[in-house]
Amino acid sequence: MKFSEVLSSVNRRYLTWIVWGLRIVIGGLFVVSGLVKGIDIWGFVYKIEEYFAVWQWSVPHSLCVMAALSVAIAEFVLGAMVVVGCYRRVSVWLLIVMMCVMLPLTLYIFISDPVADCGCFGDFWIISNGATFAKNLLISGALVYLAVYNRKVKGVYRPYIQWIPAVGCFVYLLAVALFGYLVQPMIDFRSFPVGSFILPAEVESDDDGRFEFVYEKNGVRQTFDIDNLPDSTWTFIDRTIVGGSDVDDATELVVTEGGNNVTDEVIDTDGDQIIIVLPDYDRANVSYTYAVNELQRYIEKRGGSLIELAAMDSGDIEQWRDLSMATYPIYQAESTVLKELARGVMAAVYIQNGRIVWKRSLSSIELEALSHLDNDDNALDLLAFDSGNMLKIWSLILAVLLMSVLLVDKCSAKVKCVVKSKKNK
């Protein structure tokens, strides 16, 4: 064998390894990014709305939801196609088009710092704006390399069957995202996951720490305390702790009434309680009143209580009380913390002895389930769901589909090869 042929063989081998390495790393990053966005689609919607608020763009909520779904699905499906080498030209070039938007955007965020973080990996992995831009710069370079050499290395599936993995990935993430939007995220990356205590353990300290919240409006940032929060025209930026050397920098639920902190008084740490969460008064839905009243009647019948935490001022609370005909107490809480507590327009959080048992949006609670409340002492358990196990099952179904398609593809290729060899004899 000539030296040039040996060199060419070595170069092809190295090219194959490099392309496959980039496929796995770059495609894997997009898969993870799209998956965590899809799991907590509400969190991504909030991040998009935060961008629009900074730019003072008035964009309907429905368009923000569609944008969030589109980006999450595109990242997941295209990333998966890159990993397995399907649609070798189209998948890479579509990701390059996406990076043509993301790279300048993250550069702007790095320079201007309009938001605390870009939200690339949601609450699953929060990285600095500088690290985000550097990451996108490396990804863009790798995609350019793949745009040149990706077609020279075969993928896992042959072209005639590669549409099946693409459709499977699309349906999988769409189902995960819709569940997260309509019910609750299948994995809770936030500060109040199911099983945790809604109130932190008491901290021994000589000084009482207090939270200050940084909001922005028309390019001006201002600091507020929990008793003097701004209206919804201001955009939440960050939260800081003042005083209290031993206070942990973690999201803390603070409930107020008339400017007074009543958290310890209204959160029941020794019994059953349902907390109705209303993080945005502008999106409050009176149609959920029936479900709330049924939950209140049932929980009080078994000796528990129901309260509502809302991000609104005293005047709005009285107006909402009249509209919803609420006979339960309504207290104030910070909008960002309520969005951490539960996702959705309005949600219910069920706690026992201060520990979160389940939480779900009110829109996902069917009237039929509420009809069983009077007939079953454990009816509230019917509203719980094992979302973590559900995600595992759905992921297993997707993995079985992908492996089955691969097996059929390889067996088909083997059969064709045997038939062809027999014809040539």
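A salt bridge here is a side-chain nitrogen of Lys or Arg within 4 Å of a carboxyl oxygen of Asp or Glu. Lys359 and Asp188 form such a pair, with their closest N and O atoms 2.8 Å apart. Lys359 lies in strand β10 (residues 355–361) and Asp188 in the loop between α6 and β1 (210–217), so the pair ties together parts 171 residues apart in sequence. The model is predicted. A search of the whole structure finds 11 salt bridges.

**Salt bridges**

- Side chains of opposite charge can pair when their charged atoms come close.
- Both Lys359 and Asp188 are buried.
- Glu49 and Arg283 meet through their side chains in a salt bridge, at 2.3 Å from N to O. This pair links distant parts of the chain, 234 residues apart: Glu49 is in helix α2, and Arg283 is in the loop between β6 (272–278) and α8 (289–301).
- Glu49 counts as buried because its relative accessible area is 17%, under the 20% limit. Arg283 is partly exposed, at 24%.
- Arg297 and Glu294 form a salt bridge, at 2.5 Å from N to O. Both lie in helix α8, three residues apart, about one turn of the helix.
- Arg297 is partly exposed, with 37% relative accessibility. Glu294 is buried, with 13%.

**Nonpolar surface patch**

- Tyr87, Val90, Leu94, Trp163, Val167, Phe170 and Val171 form a nonpolar patch on the surface. Together they have about 630 Å² of accessible area.
- Helices α4 (90–112) and α6 (163–182) each supply at least two residues of the patch. The most comes from α6, with four residues.
- Val90 sits in helix α4. Val90 is partly exposed, at 47% relative accessible area.
- Tyr87, also a member of the patch, lies in the loop between α3 and α4. Its relative accessible area is 30%, and Tyr87 counts as partly exposed.

**Positive phi angles**

- Most residues other than glycine have a negative phi.
- Tyr87 has a positive phi, near 45°.
- Gln56 has a positive phi too, near 60°. Gln56 is in the loop between α2 (41–54) and α3 (61–84).
- Gln56 is exposed because its relative accessible area is 55%, over the 50% limit.

**Cavities**

- The structure holds two cavities of 30 Å³ or more.
- The largest cavity has a volume of about 40 Å³. Its lining is Asp117, Cys118, Gly119, Cys120, Phe121, Gly122, Trp125, Ile126 and Ile127. These divide into six nonpolar, two polar and one charged.
- The second largest cavity has a volume of about 30 Å³. Trp42, Tyr46, Pro279, Asp280, Arg283, Lys339, Gly344 and Val345 line this second cavity. Four are nonpolar, one is polar and three are charged.

**A buried strand residue**

- Thr256 is in strand β4 (residues 255–257). Thr256 is buried, with a relative accessible area of 4%.
- The C-alpha atoms of Thr256 and Ile330 are separated by 9.8 Å. Along the chain these two residues are 74 residues apart.

Methods: Residues are numbered from 1 along each chain as its sequence is written. This is a predicted model: local features need pLDDT of at least 70, side-chain atom pairs count only at pLDDT 80 or more; totals for chains, interfaces and linings use all residues. Side-chain values use heavy atoms; hydrogens and water are left out. Patches are made of residues with over 30% relative accessible area and no salt bridge: like charges are joined within 9 Å, nonpolar side chains (Val, Leu, Ile, Met, Phe, Trp, Tyr) within 5 Å. Accessible areas come from the Shrake-Rupley method with a 1.4 Å probe; for residues, only the protein chains shown count as cover. Buried means under 20% relative accessible area, exposed over 50%, partly exposed in between (1.4 Å probe, protein chains only). On a 1 Å grid over the protein atoms alone, a cavity is a set of points where a 1.4 Å probe fits but cannot get out, and a pocket is an open set with protein on both sides within 12 Å along at least five of seven lines; lining residues have an atom within 4 Å of a point. Grid points are joined across faces, edges and corners, and a volume is the space filled by probe spheres set on the points. Ala, Val, Leu, Ile, Met, Phe, Trp, Tyr, Cys and Pro count as nonpolar, Asp, Glu, Lys and Arg as charged, and the others, Gly among them, as polar.
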